[in-house]
Amino acid sequence: MTNYLQLSNITKTYGHFTALDDVSLSVDKGEFVTFLGPSGSGKTTTLMIIAGFEKASGGTVQVGGRSISELAPHERNIGIVFQNYALFPHKTAVENVYFPLQMRGVSRSQGLRQAEDMLSLVGLKGFGHRHPKELSGGQQQRVALARALVFEPSLLLLDEPLGALDKNLREQMQIEIKRIQRSLGVTTIFVTHDQSEAMSMSDRIVVFEKGRIEQVAAPLDIYHHPQTSFVAAFIGESNLIPAIITSGTDRTAENPTLGAVQYAGEDTLADGQKVTLLIRPEHIKLSRNPIEGRKNARMIVETIVNYGDNALVIGRAGDIPMRVRVLGADVVIIKEGEECCISWAPDAVFVITK
Amino acid sequence: MNTFMRWAGFIVVLFIAAPLVIVVPMSFSNASSLQFPPPGYWLGYYRAYFTSMDWLIPTWNSILIATATTILTMALVVPATFALVRHKFRGKGFADLMMLMPMAVPHIVMAVGYYSYFGDLGLVHSHLGVILAHTCLSVPIAFLVLSANLKGFDRNLERAAQSLGASPAKTFLHVTLPILRPGLVISSLFAFIQSFDETVVAIFISGRDAETLPRKMFDSIRQEADPVIAVISTLLFFVVLLGIAAPYFASALRSRAPKPSRPAGAH
């Protein structure tokens, strides 16, 4: 079902401060959508408006074609997992999961059985009798997830749920959340400021900045075709080079330092337009001498950061700071302080007009 | 721990415990007034306490007044604490100050105030008058305890409950109240003890009809130094001791409960 969740022109103001400015978005049934953005960008406020804990100053929220803007949080049938899990400390894991069923009048014996089944699905079979404080962070997370899913909510909202976990556990939970979400087919909104989390989990990413939506697209589209410099800089590593279009028909732009640069894409841009060229660090090749058939430039190497299997080479092409990501073996040919040659193919250059 | 610290600790404990060391034996004394060390021992003053209406009525008054004070205090403090901790409104700072005021003003000043003011209202020498005055004195301490608890309360728990389908009333009943229970128990306990212990205001306004135990004890020690005072002190001490020890006994019993599930051949 398309347009299952529909946000229309949502605004939120606190006094003179505008937290959300005309946010519109539609999400399909079963989709996993991530709200990505720096803190204060409006992603959590949007989530709280969907959940009903914040009231929008304007605009409507619809689920399944029905407006829920006027409903109280407990009438919305939306499951939420909070960053700190918010498990009830006076209830055991299985009682926590039973709670939403209890509120819906399910009998205790049947409700507890259903809750046990849900705990099994999240991989916590046999942990039901424990209190939250007797569970590890990852286990608490699973209980919170089970509790938010057991009553078959129309939406699942996850508010930075992995923030408090260490790196290994976080990766494990990313896979786990994805698996559970797929198996139940529940429409999910995931809020995070971690771009790698967003890239690995989402069907689509919504990038927030200063209370506005910057771009909505699939993870790889966002990565390869960012529509604004903010998105390009926020997602992945990037080299952003200011330039002016010299020939829209030939897809050529000019930068004072680099000279003429060919770019990819079929958009015919007007000559003289100011643009930003995006080149991802992994698309740049490092060599001693210029390579035929590519755009070449000289770069002074300033810093080499080794990661074992790859290395990040940071340097300057004239006055332009450049980052080059190279495979571990290739970095042997250069040292810090040396001058070398960087080159890229025309299809590695993407034009950003905003 | 070095020797000095050990001795310092010992002396402090001794200093704190000394009144007990004196009061408990004196309650079993057969002297005609308070005297230490006691010349001989008997249980006569215990019988005197439990058979004399002069003592039992003030005891009953104290329990009644302290219970009513606790109920009234909590009825005022619970909503007030929620309002003052969770909401911003005009005059909040002033309301906060007024809640704590009775603690800052000396009891004697309050007592004189009540004496003249309640006199006009006809509340002097009545249970109601003492209950109202004690409630006023109990509010600050109950408020302090409860607001500390409520400030540490994670509001996401309530949001979670609501998202899971609990109406605000059910959220309060199933989540807020159970989690705040320790704070509520402790603040009502403080309210009760404050009233049970309060002497100055009671002396001024309780009169004959609503005479409380501390007032009766004070009168008694001034007039005849009746050793029944030592009996009451000892009894109160053991009630408190029991109250403190009860949770330990309860948890000891609870932790013993699952043990029989060990293999039968283990011992």
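Helices (H or I, at least four residues) and strands (E, at least two) are DSSP runs, numbered from the N terminus. This is a predicted model, in which local features need pLDDT of at least 70 and side-chain atom pairs count only at pLDDT 80 or more, while totals for chains, interfaces and linings use all residues. Residues are numbered from 1 along each chain as its sequence is written, and chains are lettered from A and ligands numbered from 1 in the order in which they are written.

**Stop 1: helix H2 of chain A**

Select residues 93-103 of chain A, which form helix H2, and then look at what follows this helix: A:Gly105, with a positive phi near 80 degrees. A residue is called buried if 20 or more other C-beta atoms, placed from the backbone, lie within 10 Å of its own, exposed if 12 or fewer, and partly exposed in between. By that rule nine of the eleven residues of H2(A) are buried, among them A:Val94, A:Tyr98, A:Phe99 and A:Leu101. What do the buried residues of H2(A) pack against? They pack against helix H3 (108-121) and helix H4 (137-149) of chain A, together with helix H8 (168-197) of chain B.

**Stop 2: where the chains touch**

Show both chains now, keeping in mind that two residues are in contact if their C-beta atoms, placed from the backbone, lie within 7 Å. On this count 19 residues of chain A are in contact with 15 residues of chain B, and strand S6 (78-81) and helix H2 (93-103) of chain A each supply at least two residues of the chain A side. That side divides into 13 nonpolar, four polar and two charged residues, where Ala, Val, Leu, Ile, Met, Phe, Trp, Tyr, Cys and Pro count as nonpolar, Asp, Glu, Lys and Arg as charged, and the others, Gly among them, as polar.

**Stop 3: strand S3 of chain A**

Select residues 32-36 of chain A, the strand S3, where five of five residues are buried. In a regular strand the side chains alternate between the two faces of the sheet. Here A:Phe32, A:Thr34 and A:Leu36 lie on one side and A:Val33 and A:Phe35 on the other, and all are buried. Two strands pair if DSSP finds at least two bridges between them. S3(A) runs parallel to strand S8 (residues 188-192) of chain A, joined by five bridges, with A:Phe32 opposite A:Thr188. Four bridges, also in the parallel sense, link S3(A) to strand S9 (residues 204-209) of chain A, where A:Val33 has A:Arg204 as its bridge partner.

**Stop 4: the antiparallel sheet of chain A**

Next, find the open sheet of four strands in the order S2-S1-S4-S5 of chain A, whose pairing is antiparallel; its edge strands, S2 (17-27) and S5 (66-67), each pair on one side only. Strand S1 (residues 5-14) of chain A is joined to S2(A) by seven bridges, and A:Ile10 stands opposite A:Val23 in S2(A).

**Stop 5: chain B**

Over residues 259-267 of chain B pLDDT stays under 50, and the model has zero contacts beyond four places in sequence for them.

Methods: pLDDT = per-residue confidence, 0-100.
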